[in-house]
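These exercises are to be worked with the sequence and the structure open side by side. Try each task before reading its solution.

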Amino acid sequence: MTMTDIALCATNVSMLYETQRGRQVTALETVSLEVRRGEFVSLIGPSGCGKSTLLYILGGLRGQTSGEVALLGQRMTGPVPTKVGFVFQDYTLFPWRTILANIEVGLEFRGVGKRERRERAEANLDLVGLSAFAQAYPGELSGGMQQRVAIARALAMDPEILLMDEPFGALDEQTRTVLGEELARILEQAGKTIVFVTHSLTEAVFLSDRVVVMSGRPGRIKEILTVDEPRPRKPGFAMSAEFTDTRNRLFDLLHDEMRAATLAELGAGRQNGGRRGEA
Amino acid sequence: MARRERLRVAAIQLGLAAVVLVVWVYQTRTGRVSPILLPQPEKVLAEFPDMLRDSTFWAGLRVTAVELGGAFVLATASGLLVGVLVGRWAAAARITSPLLVWAQTVPIILFYPICILLFGIGPMSKVAFGGFYGFFPVAANTVLALSTVPARYLTAAAALGADRRQIVTRVLIPAARPLVLSGVRLGAALCLIGVIAGELLGSTEGLGYNIASSAGGFRTAELYAYITVALILVAIFNFAITRAEDRDASG
């Protein structure tokens, strides 16, 4: 494998930060991960395992404490909007701009001319199937629609890599299933490298080539599962034995982690409660 | 549906105004209320032709309008300046925000005598006092608006490649705009209160002075006519600012 086959490469990335009470927390500990070009990789793990932090570091939006990240063989020092697009968990469309103007905004920052901006925005809005809402404002759209616009906004920049932080996290189960299938179609058409943070086992197995399972506190990579089924996958794949097997393995791996993380959280809560009681 | 609802609300509002007018006419006709306290509506109406021919009225109106304009410019400029300086600096925002909010509950009129001492009895003291009065909501809202722009917008802008200048012009300003404008509107209303109150309390010209002198001379019909003019002035001023706001929101 040559260097240029690797879209993103994290080597021994660690992230430490201090809480408001001055406690040191290790969010990530010596995480190493390679993402190949064109690959769809999911990051999954208990809450607080640092998977979103890892995504932000991979995108250059947050600096790591130690270790290195390389983007297409180049050392990463900050966001590279021409190469890496982001879709965030929160709704980040600008409410004072129309949908079309929201999709244009990154191109505007880059200084792309008005006509080209408009054309590219319209094409990408069409790709996510929301052309009818070009002149609407974000507040007039449902959460799922807003996230599709956010995907179009990222795609309009034509980045090679798309980093997605639980883009459907705030949506209900049915909407996210439909959007997952939609996303698979859109991304296949766009041919991007994807890193996708999710809580959903189904989403992870259905969409990914590889699923990175992380363990909590400090965040480490526990195991990486490969899903061999070629993409794009048909809805029937979700019924297959391979899907179920992989999902079950993932559940086993995560079950222990989530249990440990939840108990740790409860334990910490009890300790705090005790301290408060004494004071 | 919404249109019918609006019509019904407007009809009820007109009805309420009519009730007030009927009570006013009835009470004054039957002589239950002294004409020194409340003249008959038609007497007030009859004041207008005289008033509109009177040069003191126009001179007073002009003075008040100029003072109001000066106070508004002063309040907006200083409020925005302080608001931006403080709002972009998190620590300063945490310290001053409660003070600015608290200042809005203080009877600022207490400081008016100081304005007179500093700037004399003429228009300058009204401009200063009105500007001072209107400054607080502008500054407080600007601080609040800038310090509460959601971090997620800034992160998204950074991911989309915005530089520092673009973050200010394309994200911070539009995100803060609605709250800043509502502060400006509130400030404008307070400027007007400040200017008229200043004139009432101590001046030699202006609408407030005319009102005070009509009251002092028991020319009640004239007093009511002046009050009506002041109310119309308020309505025009508010309308102009709301219009500017709406145009801004749609533009």
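**Exercise 1.** In which strand of chain A does Asp165(A) lie? Then decide whether Asp165(A) is buried or exposed.

Solution. This is a predicted model, in which local features need pLDDT of at least 70 and side-chain atom pairs count only at pLDDT 80 or more, while totals for chains, interfaces and linings use all residues. Residues are numbered from 1 along each chain as its sequence is written, and chains are lettered from A and ligands numbered from 1 in the order in which they are written.

Step 1. Asp165(A) lies in strand β7, residues 161–165 of chain A. Helices (H or I, at least four residues) and strands (E, at least two) are DSSP runs, numbered from the N terminus.

Step 2. A residue is buried if 20 or more other C-beta atoms lie within 10 Å of its own, exposed if 12 or fewer, and partly exposed in between, with C-beta atoms placed from the backbone. Asp165(A) is buried because it has 20 other C-beta atoms within 10 Å.

Step 3. Leaving out residues up to four places away in sequence, Asp165(A) touches Ser52(A), Leu55(A), Val87(A), Phe88(A), Gln89(A) and Val197(A). Two residues are in contact if their C-beta atoms, placed from the backbone, lie within 7 Å.

**Exercise 2.** At roughly what angle do the axes of α2(A) and α4(A) cross? Name the arrangement.

Solution. Step 1. Two packed helices are described by the angle between their axes and the distance between the axes. Axes are lines fitted to C-alpha atoms, for helices over the stretch in contact, and angles run from 0 to 180 degrees between N-to-C directions.

Step 1. The axes of α2(A) and α4(A) (residues 143–156) come within 8 Å and cross at roughly 30°. Angles under 35 degrees count as roughly parallel, over 145 as roughly antiparallel, 65 to 115 as roughly perpendicular and the rest as oblique. The helices α2(A) and α4(A) are therefore roughly parallel to each other.

Step 2. The crossing of α2(A) and α4(A) is right-handed. A crossing is left-handed if the near helix is turned anticlockwise from the far one by less than a right angle, and right-handed if clockwise.

Step 3. From α2(A), the residues Ile99(A), Asn102(A), Ile103(A), Gly106(A) and Leu107(A) meet Val149(A), Ala152(A), Arg153(A) and Ala156(A) of α4(A). By class, this contact has six nonpolar, two polar and one charged residues. Here Ala, Val, Leu, Ile, Met, Phe, Trp, Tyr, Cys and Pro count as nonpolar, Asp, Glu, Lys and Arg as charged, and the others, Gly among them, as polar.

**Exercise 3.** At roughly what angle do the axes of α3(B) and α8(B) cross? Name the arrangement and the hand.

Solution. Step 1. The axes of α3(B) (residues 55–87) and α8(B) (residues 164–201) come within 9 Å and cross at roughly 135°. That makes α3(B) oblique to α8(B).

Step 1. The crossing of α3(B) and α8(B) is right-handed.

Step 2. The contact of α3(B) with α8(B) has nine nonpolar, five polar and two charged residues.

**Exercise 4.** Which residues of α7(B) are buried, and what is included in their cover?

Solution. Step 1. In α7(B), residues 151–159 of chain B, the buried residues are Tyr153(B), Ala156(B), Ala157(B), Ala158(B) and Ala159(B).

Step 1. Their cover includes β6 (84–87) of chain A together with α8 of chain B.

Step 2. Gly161(B) follows α7(B) and has a positive phi, near 90°.

**Exercise 5.** How many residues of chain A are in contact with chain B?

Solution. Step 1. On chain A, 15 residues are in contact with eleven residues of chain B.

Step 1. Helix α2 of chain A (residues 99–110) gives the most to the chain A side, with four residues.

Step 2. By class, the chain A side has ten nonpolar, three polar and two charged residues.
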